[in-house]
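Hello,

Here is the structure you are taking over. My notes on it follow below.

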Amino acid sequence: MMGVGQYRPERVVMNSEIIGKIDSSDEWIRERSGIVSRHFAAADESVIDMAEKASRAALEHAGIAPEQVGFVLVATVTHPYQTPAAAPELAARLGSTAPAVDISAACAGYCYGVTMASDMVKGGSADYVLVVGVEKLSDFTDPYDRGSAFIFGDGAGACVIGPSDTPGIGPTVWGSDGTQRDAITQRQAWTDLRGSWQESQQDKDLWPAIGMQGQTVFRWAVWGMAPVAQQAIDKAGITADDLDAFIPHQANIRIIDAMVKQLKLPADIPVARDIVTTANTSAASVPIATARMLAEKEIPSGGLALQIGFGAGLVYAAQVVVLP
């Protein structure tokens, strides 16, 4: 991992802006999730706009020119076009004609992308791969849904994966459980709306927003993801004491704290808790936290970080990486 970059939109949305439509309170949201605020993109600010800013920062950090990029991977579930994908347009904006494709793996998308990029470099398909996690979840959140309206935020994070004389990305532990597809899902398929769109468009519940069964996801994440993270540590041939950082997906502060406890991480290890000010940015959460922690020197360049993403699918991926 040669460089990282992140972008958070200018607009900061406090819990006080959310609570009126869900009959809630700032205290309830903080206790339930740890979230105090989140960033929302401007109405005319797209997934590709945010991805470009994070990508340019990552390329600069890596010292890599856009024309050196051999593949572009964009992890997102909120690009509003079924086709074309966001990745080719992002590549064009950067001045690259590299092959480019989107990854639809929700909150695990970035970690999936890191593994795919690593394999591409090892296999000789590309010298340098740009991996982006980006979401504009404000476009797909129901502001009246008490279970999810406060959870999501917008943002982008990116990294550049390139060749190394020594291993810089450990073996990935990843998988899926499609039997739980209903735990986090878009409410309706686009095809379900085709016949009734015109007559029903005034119904606020019609929009295919993302819904979530909070308790189901919480239990799965708390009890299912710590063993996955432990496997990633084991496969990297290290112990928890060797880690310099733990950067989990920013889904819920209670999930993060529970994973830290189950993994028996050292008390002094830096742990990403960006959930407090960014909320859940899905595929963007791990790279945003990584870039921020490095920029603020909370974690050391060249150190070992355990990162894990998990979300709708249900899907998950974890690996130990050497920080750029």
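Lys 297 sits in the loop between H11 and E12, where helices (H or I, at least four residues) and strands (E, at least two) are DSSP runs numbered from the N terminus. Its phi is positive, about 60°, although Lys 297 is not a glycine. Lys 297 counts as exposed because its relative accessibility is 74%; the classes are buried under 20% relative accessible area, exposed over 50% and partly exposed in between, with a 1.4 Å probe and protein chains only.

Two points on provenance. This is a predicted model, in which local features need pLDDT of at least 70 and side-chain atom pairs count only at pLDDT 80 or more, while totals for chains, interfaces and linings use all residues. Residues are numbered from 1 along each chain as its sequence is written, and side-chain values use heavy atoms, with hydrogens and water left out.

Helix H11 (residues 285–295) is mostly covered, with 10 of its 11 residues buried. Among the buried residues are Ser 285, Pro 287, Thr 290 and Arg 292. The buried residues of H11 pack against strand E1 (3–7), helix H5 (109–123), E7, strand E11 (245–248) and E12; contact here means heavy atoms within 4.5 Å.

Next, the cores. A nonpolar core is a set of buried Ala, Val, Leu, Ile, Met, Phe, Trp, Tyr and Cys residues joined through side-chain atoms within 4.5 Å. The largest one has 47 residues, and those with the most contacts inside it are Phe 246, Leu 306, Ile 308 and Phe 310. Two or more residues of this core come from each of helix H8 (214–235), helix H9 (253–263), strand E12 (304–311) and strand E13 (315–322). H8 gives the most, nine residues. Leaving out residues up to four places away in sequence, Phe 310 touches, among others, Cys 107, Trp 220, Met 225, His 249, Ile 255 and Tyr 316. Another core, of 36 residues, lies apart from it and includes Leu 73, Val 131, Ala 272 and Leu 323.

What is the backbone like at Ala 106 and Pro 84? Ala 106 has a phi near 50°, a positive value in a residue other than glycine. Ala 106 is in the loop between strand E5 (100–103) and H5 and is buried, because its relative accessible area is 9%. The peptide bond from Thr 83 to Pro 84 is cis, with omega near 5°, and Pro 84 lies in the loop between strand E4 (71–75) and H4.

The loop between strand E6 (129–136) and strand E7 (154–161) holds Asp 142, and Thr 141 is in the loop between E6 and E7 too. Asp 142 is buried at 6% relative accessibility, and Thr 141 is buried at 15%. A polar atom of the Asp 142 side chain lies 2.9 Å from the backbone nitrogen of Tyr 144. The side chain of Thr 141 reaches the backbone oxygen of Leu 137 at 2.6 Å.

Last, a helix pair. The axes of helix H3 (residues 47–62) and helix H4 (residues 86–94) come within 10 Å and cross at roughly 55°. Residues making the contact include Ile 48, Ser 55 and Leu 59 of H3 and Glu 89, Leu 90 and Leu 94 of H4.

Regards

Definitions and conventions
Polar contact = N/O pair within 3.5 Å; in protein donor to acceptor, adjacent residues only side chain to side chain. Axes fitted to C-alpha atoms, helices over the stretch in contact; angles between N-to-C directions.
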